[in-house]
Amino acid sequence: MTTDGTDTTPGNVDDQMHDWMDLALAEAKTAGDRGEVPIGAVVVMDGKVVARRHNEREATGDPTAHAEILALRDAAAAVGSWRLSDATLVVTLEPCPMCAGGAWAARVGHVVWGAPNDDAGALGSLYNLAVDSRLNHEYPVTTGVRAEECRKLLVDFFANRR
């Protein structure tokens, strides 16, 4: 764990995180197939996936329909509480400020992300809302899980759109 609260050592990432990222990658592929930016997210509690979603901004016309927000909403509905302190949010791209804030608002216990978000990353790249002591909740972040696969989905998607 680094001083900013992120864990960038691949050796610290257990097999379950890779399996969960597999599910997030499948969601991201579904998003790409539907013309959405290929980002997927899953929420895991007690070792079980309670929600899995992908971006739906184009389909819904909703600027907040990011994979993470949709998955957090579904997880809260599934467990009957907005407090997801025992949850791990797994997402293919480092969350933006809105999504990192959603994780904060849900009081998630852990966030795992794949590819860095150099344009809007709020859990390590540009900002790190997960470890801002001015906020009333902090959470650990594991970075770079299957990063190359996550990055390649995005690169290929945008290359095909040009």
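Student: Which residue just after helix 1 takes a positive phi, and of about what value?

Tutor: Glycine 35 does, with a phi of about 85 degrees. This is a predicted model, where local features need pLDDT of at least 70, side-chain atom pairs count only at pLDDT 80 or more, and totals for chains, interfaces and linings use all residues. Residues are numbered from 1 along each chain as its sequence is written, and side-chain values use heavy atoms, with hydrogens and water left out.

Student: What makes a stretch a helix or a strand here?

Tutor: Both are DSSP runs, numbered from the N terminus: helices are H or I with at least four residues, strands are E with at least two.

Student: Which residues of helix 1 are buried?

Tutor: Met17, Trp20, Met21, Ala24, Leu25, Glu27, Ala28 and Ala31 are. Buried means under 20% relative accessible area, exposed over 50%, and partly exposed in between (1.4 Å probe, protein chains only).

Student: How do you know that these buried residues line one face of helix 1?

Tutor: Take the arc, that of the directions from the helix axis to the C-beta atoms. In helix 1 the buried residues fall within an arc of 165 degrees, so they line one face. The face turned away from that buried side carries the exposed residues Asp15 and Asp33.

Student: What covers the buried residues of helix 1?

Tutor: The cover includes strands 2, 3, 4, 5 and 6, and also helix 5.

Student: Why is threonine 92 called buried?

Tutor: Its relative accessibility is 2%. The limit is under 20%, so threonine 92 counts as buried. Threonine 92 is found in strand 4.

Student: Which residues are in contact with threonine 92, leaving aside neighbours within four places in sequence?

Tutor: Contact means heavy atoms within 4.5 Å. By that test the partners of threonine 92 include Met21, Ala24, Leu25 and Ala28. Cys150 is also among them.

Student: Where does Cys150 belong, and is it buried or exposed?

Tutor: Cys150 is in helix 5, where Cys150, Leu153, Leu154 and Phe157 are buried. They cover an arc of only 85 degrees around the axis, which puts them on the same side of helix 5. Helix 1, strand 4 and strand 5 are among the elements covering them.

Student: What span does helix 5 reach, and what is expected?

Tutor: Helix 5 has 15 residues and reaches 22 Å from its first C-alpha to its last. That is close to the 21 Å expected.

Student: What makes a space a pocket?

Tutor: A 1 Å grid is laid over the protein atoms alone, and a pocket is an open set of points with protein on both sides within 12 Å along at least five of seven lines; lining residues have an atom within 4 Å of a point. The largest pocket is lined by 20 residues, and Ile39, Leu93, Asn117, Asp119 and Leu154 lie nearest its centre. Helix 5 gives the most to this lining, with four residues. About 400 Å³ of space lies in the pocket, a volume being the space filled by probe spheres set on the points.

Student: Which residue follows helix 4, with a positive phi near 60 degrees?

Tutor: Arginine 107. Arginine 107 is not a glycine. It sits in the loop between helix 4 and strand 5.

Student: Why is arginine 107 called buried?

Tutor: Its relative accessible area is 18%. That is under 20%, so arginine 107 is buried.

Student: Why is methionine 98 called partly exposed?

Tutor: Methionine 98 has a relative accessible area of 30%. That lies between 20% and 50%, so it is partly exposed. Methionine 98 is found in helix 4. It touches Pro63, Thr64, His66 and Ile69, not counting residues up to four places away in sequence.

Technical notes. Expected span 1.5 Å × (residues − 1). 1 Å grid on protein atoms, 1.4 Å probe; cavity = no way out; pocket = protein on both sides within 12 Å on 5 of 7 lines; lining within 4 Å.
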